[in-house]
Amino acid sequence: MESFSSKDLAMRAQKKILSRIANKSLAQFLIDDTSAEILDELYHVSKEFTGNRAKSQKVLKDLVKVAVKIAVLYRHQQFSDHELGLANDFRCKLRQGAMTAISFHEVAFTFEAQVMTQLLGDCRDLLLRLVDGHLTPKSHGRIRHVFDHFGNDELLVKLYSDQDPYHAHLQKICQGLGKLLEDGTL
């Protein structure tokens, strides 16, 4: 007997279409202004660090693609109870990372790259476990690419230095994260 589900077909089509058109205008359509501003600042940090516009765009494009795919999975209730628990653990870890990032920014001489790298690595691992049976190895590679890029010790040290333009970008990122935490979005 042939197994066919139009719901599964629609979900796969949405994931495919949305992953092909992942760009800044789609991100702004799907996310709030504060999140879009944070993504813009992350792009600027990445571009400043790598000196390569294309690489920076690729990292942000990967981030948007993964976020869209996970949103589609969630919207179509594809996660089991266990996976929803992982999603909650991921959200808590991401929230902890945001609060830590803000704290390191606000309290002078407290930044520790190893702590931020560990938090980002934990987030990456939880997210990979969440999507393990749902997304392709290529999407898993995108997740690793994003978290490994922003979890790079050298990038984090530059970001938390008092050097411009990093300091200005960090200020805006932390303001945005604070707003998302305050609103309960994160």
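At what angle do helix H5 and helix H9 pack, and how far apart are their axes? The close-up views below take up that question and then move on to some neighbours of interest.

This is a predicted model, in which local features need pLDDT of at least 70 and side-chain atom pairs count only at pLDDT 80 or more, while totals for chains, interfaces and linings use all residues. Residues are numbered from 1 along each chain as its sequence is written, and side-chain values use heavy atoms, with hydrogens and water left out.

**View 1. Helix H5 packs against helix H9.** H5 (residues 81-106) and H9 (residues 166-183) meet at an angle of about 135 degrees, and their axes are 9 Å apart. Here, axes are lines fitted to C-alpha atoms, for helices over the stretch in contact, and angles run from 0 to 180 degrees between N-to-C directions. Helices are DSSP runs (H or I, at least four residues), numbered from the N terminus. The angle makes H5 oblique to H9; angles under 35 degrees count as roughly parallel, over 145 as roughly antiparallel, 65 to 115 as roughly perpendicular and the rest as oblique.

**View 2. Residues in the contact of H5 with H9.** From H5, look for Arg95, Ala98, Met99, Ala101, Ile102 and His105. Their partners on H9 are His167, Leu170, Gln171, Cys174, Leu177, Gly178 and Leu181. Contact means heavy atoms within 4.5 Å. These residues divide into eight nonpolar, four polar and one charged (Ala, Val, Leu, Ile, Met, Phe, Trp, Tyr, Cys and Pro count as nonpolar, Asp, Glu, Lys and Arg as charged, and the others, Gly among them, as polar).

**View 3. Phe104, Phe111 and Tyr160 form one aromatic cluster.** Rings of Phe, Tyr and Trp (its six-membered ring) pair if their centres lie within 6.5 Å; planes under 30 degrees apart count as stacked, over 60 as edge-to-face and the rest as tilted. Phe104 and Phe111 pair edge-to-face, at 5.6 Å centre to centre with 85 degrees between the planes. Phe104 and Tyr160 are also an edge-to-face pair, at 6.3 Å and 90 degrees. Phe104 lies in H5 and Tyr160 in the loop between helix H8 (153-159) and H9, so this pair ties together parts that are 56 residues apart in sequence. Both Phe104 and Tyr160 are buried, whereas Phe111 is partly exposed, at 22% relative accessible area. Buried means under 20% relative accessible area, exposed over 50%, and partly exposed in between (1.4 Å probe, protein chains only).

**View 4. Gly121 sits in helix H6.** H6 covers residues 113-130, and Gly121 is buried, with a relative accessible area of 10%. Gly121 and Phe150 are 29 residues apart in sequence and 9.9 Å apart in space, C-alpha to C-alpha.

Terms used. Helices (H or I, at least four residues) and strands (E, at least two) are DSSP runs, numbered from the N terminus.
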